[in-house]
Amino acid sequence: SYSIAAPGRLALPHGVLTIVPVPDGFECRGALCVRFRTGGERMLTGGVHRALKDLLQAAGVPPWLRASRPLVFDGQGLA
């Protein structure tokens, strides 16, 4: 896993992750950590915990690309 400050930039194996503040973005709670999928991740969205696999499928992310997408976690979990 990698640590990153907000705002900040982090060089990763497949490119650079840049975190910038935006008016409609989420509020970071605690330190940010970047990891890649290991399976079984869940995310709170719309007041409901959902499987990240289902969210990625709904977003149209092909299965072979899902493991290479960085996941950002804050003090509350997957952001």
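Residues are numbered from 1 along each chain as its sequence is written, and side-chain values use heavy atoms, with hydrogens and water left out. Because the model is predicted, local features need pLDDT of at least 70 and side-chain atom pairs count only at pLDDT 80 or more, while totals for chains, interfaces and linings use all residues.

A pocket here is an open set of points on a 1 Å grid over the protein atoms alone, where a 1.4 Å probe fits, with protein on both sides within 12 Å along at least five of seven lines; lining residues have an atom within 4 Å of a point. The largest pocket holds about 280 Å³ of space, a volume being the space filled by probe spheres set on the points. Among the residues that line the largest pocket are Phe 26, Glu 27, Arg 29, His 49, Asp 74 and Ala 79. Two elements give two or more residues to this lining, strand S5 (42-45) and strand S8 (77-78), and S5 supplies the largest share, 3 residues. Strands (E, at least two residues) are DSSP runs, numbered from the N terminus. By class, the lining of the largest pocket comprises 5 nonpolar, 3 polar and 4 charged residues.

The second largest pocket has about 190 Å³ of space. Its lining includes Ala 6, Pro 7, Ile 19, Gly 25, Phe 26 and Val 72, and divides into 9 nonpolar residues, 1 polar and no charged.

Asp 74, part of the lining of the largest pocket, lies in strand S7 (residues 71-74). Asp 74 has a relative accessible area of 13% and is therefore buried (under 20% relative accessible area, with a 1.4 Å probe and protein chains only). A polar atom of the Asp 74 side chain lies 2.8 Å from the backbone nitrogen of Gln 76. Beyond neighbours within four places in sequence, Asp 74 is in contact (heavy atoms within 4.5 Å) with Phe 26, Glu 27, Cys 28, Arg 29, Ala 31, Leu 32 and Ala 79.

Strand S2 (residues 8-12) shows a covered face of Gly 8, Leu 10 and Leu 12, and an uncovered face of Arg 9 and Ala 11. S2 pairs (at least two DSSP bridges between the strands) with strand S3 (residues 15-19) in the antiparallel sense over 5 bridges. The hairpin joins S2 to S3 through 2 residues, and Leu 12 has Gly 15 as its bridge partner in S3.

Key
Helices (H or I, at least four residues) and strands (E, at least two) are DSSP runs, numbered from the N terminus. Ala, Val, Leu, Ile, Met, Phe, Trp, Tyr, Cys and Pro count as nonpolar, Asp, Glu, Lys and Arg as charged, and the others, Gly among them, as polar. Buried means under 20% relative accessible area, exposed over 50%, partly exposed in between (1.4 Å probe, protein chains only). A polar contact is a pair of N or O atoms within 3.5 Å; within protein, one must be able to donate a hydrogen and the other to accept it, and residues adjacent in sequence count only if both atoms are side-chain atoms.
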